[in-house]
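Hi,

Here is the structure we talked about. Please open it first, then read my notes below.

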Amino acid sequence: MFKRLTQAAILTGSILALGGCTLGETKTAAAPAKAPAADYQAAVPPSPPAGQIRSICYNESDLSIVRARMVQQELQVVTLQCQGPGGRRAYEQVYADFVGKFRAEFATNARSLSQIAGRKRFNTDVFVTEIANRTAQRAPTDKDFCSRGKRAFDWAMDPKVTTLAQVPPPYDLGPEMNIFPCPAQ
């Protein structure tokens with residue numbers, strides 16, 4: 001119990017310590033609205049050669065579960081980090097709508113992630129905290145952090161998106177967390 005409280009306190013403290021990005025108001029005419037699209041994901045470094053990842057690779061089903069959790073955690077961090085005029089959280093309502101839309105999948109995902117954690121021998125709480133921390137570290141360094149998050153929300157809430165698996169995480173943290181797709185046989 002104490003360990004979980006400590007992890008939660010560390011996560012909360014690190015997110016709050018990093019501050020938020022402020023959504024600036026443009027002085028020029030607004031650009032025409034773009035239709036929601038899954039083109040917001042940050043560039044991902046190349047994977048190592050296949051021979052080096054066979055012992056740590058994940059099949060497509062497991063990757064889908066891990067990426068769905070990345071989406072959930074990363075958009076939660078975006079909600080906590082990005083501020084609108086007056087210092088209010090810019091995406092609080094859309095995050096609530098996002099959670100409402102995918103609530104059933106979040107429950108299934110949590111159970112599936114626990115099963116993967118048992119097979120791959122990792123702690124789910126540490127894994128989820130690591131996603132949040134790595135995402136929060138991007139807020140002060142990625143000038144597109146909040147707009148990338150907004151585009152991810154727009155895509156996730158689009159009616160043609162019906163499952164969480166259709167929503168790419170804004171940052172695919174897999175390679176930096178040693179999560180790689182298994183090489184083709």
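Asn178 is partly exposed, with a relative accessible area of 47%. Asn178 sits in the loop between α5 and β4 (180-181). Its backbone stands out: phi of Asn178 is near 60°, a positive value in a residue other than glycine. Most residues other than glycine have a negative phi. Keep in mind that this is a predicted model.

Arg121 is another such case. Arg121 is not a glycine, yet has a positive phi of about 60°. The loop between α3 (92-120) and α4 holds Arg121. Is Arg121 buried or exposed? Arg121 counts as exposed because its relative accessibility is 76%, and the cut-off for exposed is over 50%.

Now the overall layout. The protein chain has five helices and four strands. Along the sequence they run α-β-β-α-β-α-α-α-β. The protein chain has 185 residues, and 39% of them count as buried. The protein chain exposes about 10600 Å². Carbon and sulfur atoms supply 56% of that area. Take the contacts in the protein chain between residues at least 6 apart in sequence: 81% of these join residues at least 24 apart.

Next, helix packing. Two packed helices are described by the angle between their axes and the distance between the axes.

α2 with α4:
- The axes of α2 and helix α4 (residues 124-136) come within 9 Å and cross at roughly 50°. The two helices are therefore oblique to each other.
- The crossing of α2 past α4 is right-handed.
- α2 contributes Val66, Arg69, Met70, Gln73, Glu74, Val77 and Gln81 to the contact. From α4 come Phe127, Val128, Ile131, Ala132, Thr135 and Ala136.
- By class, the contact of α2 with α4 has eight nonpolar, three polar and two charged residues.

α2 with α5:
- Helix α2 (residues 60-81) and helix α5 (residues 145-157) have axes that come within 10 Å and cross at roughly 125°. That angle makes α2 oblique to α5.
- α2 passes α5 in a left-handed crossing.
- On the α2 side, the contact involves Leu75, Val77, Val78, Thr79 and Gln81. On the α5 side, it involves Phe145, Gly149, Ala152 and Phe153.
- The contact of α2 with α5 divides into six nonpolar and three polar residues, with no charged residues.

Best wishes

Key:
Residues numbered from 1 in each chain as written. Predicted model: local features only at pLDDT ≥ 70, side-chain atom pairs only at ≥ 80, totals over all residues. Heavy atoms only, no water. Axes fitted to C-alpha atoms, helices over the stretch in contact; angles between N-to-C directions. Parallel < 35°, antiparallel > 145°, perpendicular 65-115°, else oblique. Left-handed = near helix turned anticlockwise from the far one by under 90°. Contact = heavy atoms within 4.5 Å. Nonpolar A, V, L, I, M, F, W, Y, C, P; charged D, E, K, R; others polar. Buried < 20%, exposed > 50% of the residue type's maximum accessible area, 1.4 Å probe, protein only. Areas by Shrake-Rupley, 256 points an atom, 1.4 Å probe, with all protein chains shown as cover.
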